[in-house]
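Work through the exercises below with the sequence and the structure at hand. Try each task before reading its solution.

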Amino acid sequence: MFDTQPNAFEEKIDQMITQLGDKSAAKRREAAEFLGEVAAADAVPDLVEVYRKDKSAQVRAAAAYSLGMYKS
């Protein structure tokens, strides 16, 4: 039987996806970088949105970097 409880890594990914909407540009940038480094497929739509719409150029750059970390 499969365990339906999320593990700590999945919880961290969910936390970082949520953090993409934080008020702090530094926290949003940190989240974008983390999600790219771990290649969290669930985060791709959120990273695209951040890349397209975030007010901070540094956050948009981090999202672009992260999206580039995914293999085609």
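**Exercise 1.** Which side chain meets that of arginine 28 in a salt bridge?

Solution. The model is a predicted one.
Step 1. The partner is aspartate 54, with a distance of 2.7 Å from N to O.

**Exercise 2.** Are arginine 28 and aspartate 54 buried or exposed?

Solution. A residue counts as buried under 20% relative accessible area and as exposed over 50%. Arginine 28 and aspartate 54 are both buried.

**Exercise 3.** How many salt bridges does a search of the whole structure find?

Solution. The search finds four.

**Exercise 4.** Describe the salt bridge between glutamate 33 and arginine 29.

Solution. 
Step 1. The N to O distance between these side chains is 4.0 Å.
Step 2. Both residues lie in helix H2, and because they are four residues apart there, about one helical turn separates them.
Step 3. Glutamate 33 has 34% relative accessibility, so it counts as partly exposed. Arginine 29, with a relative accessible area of 29%, is partly exposed as well.

**Exercise 5.** With which residue does glutamate 49 form a salt bridge, its closest N and O atoms being 4.0 Å apart?

Solution. 
Step 1. The partner at that distance is arginine 52.
Step 2. Glutamate 49 and arginine 52 are three residues apart in helix H3, which means a separation of about one helical turn.
Step 3. Glutamate 49 is partly exposed because its relative accessibility is 34%, whereas arginine 52, at 58%, counts as exposed.
Step 4. Through salt bridges with shared partners, Glu49, Arg52 and Lys53 are joined into one network.

**Exercise 6.** Which residues form a negative surface patch, and which helix gives the largest share of the patch?

Solution. 
Step 1. The patch consists of Glu10, Glu11, Asp14, Asp42 and Asp46.
Step 2. Helix H1 (residues 8-19) supplies the largest share, three residues.
Step 3. Glutamate 10 is part of helix H1. Its relative accessibility is 40%, so glutamate 10 counts as partly exposed.

Note on methods. Residues numbered from 1 in each chain as written. Predicted model: local features only at pLDDT ≥ 70, side-chain atom pairs only at ≥ 80, totals over all residues. Heavy atoms only, no water. Patch = residues over 30% accessible without salt bridge, like charges linked within 9 Å, V, L, I, M, F, W, Y side chains within 5 Å. Areas by Shrake-Rupley, 256 points an atom, 1.4 Å probe, with all protein chains shown as cover. Lys, Arg positive; Asp, Glu negative; His and termini not counted. Charge placed at Lys NZ, Arg CZ, Asp CG, Glu CD. Helix = DSSP H or I, 4+ residues; strand = E, 2+ residues; numbered from the N terminus. Buried < 20%, exposed > 50% of the residue type's maximum accessible area, 1.4 Å probe, protein only.
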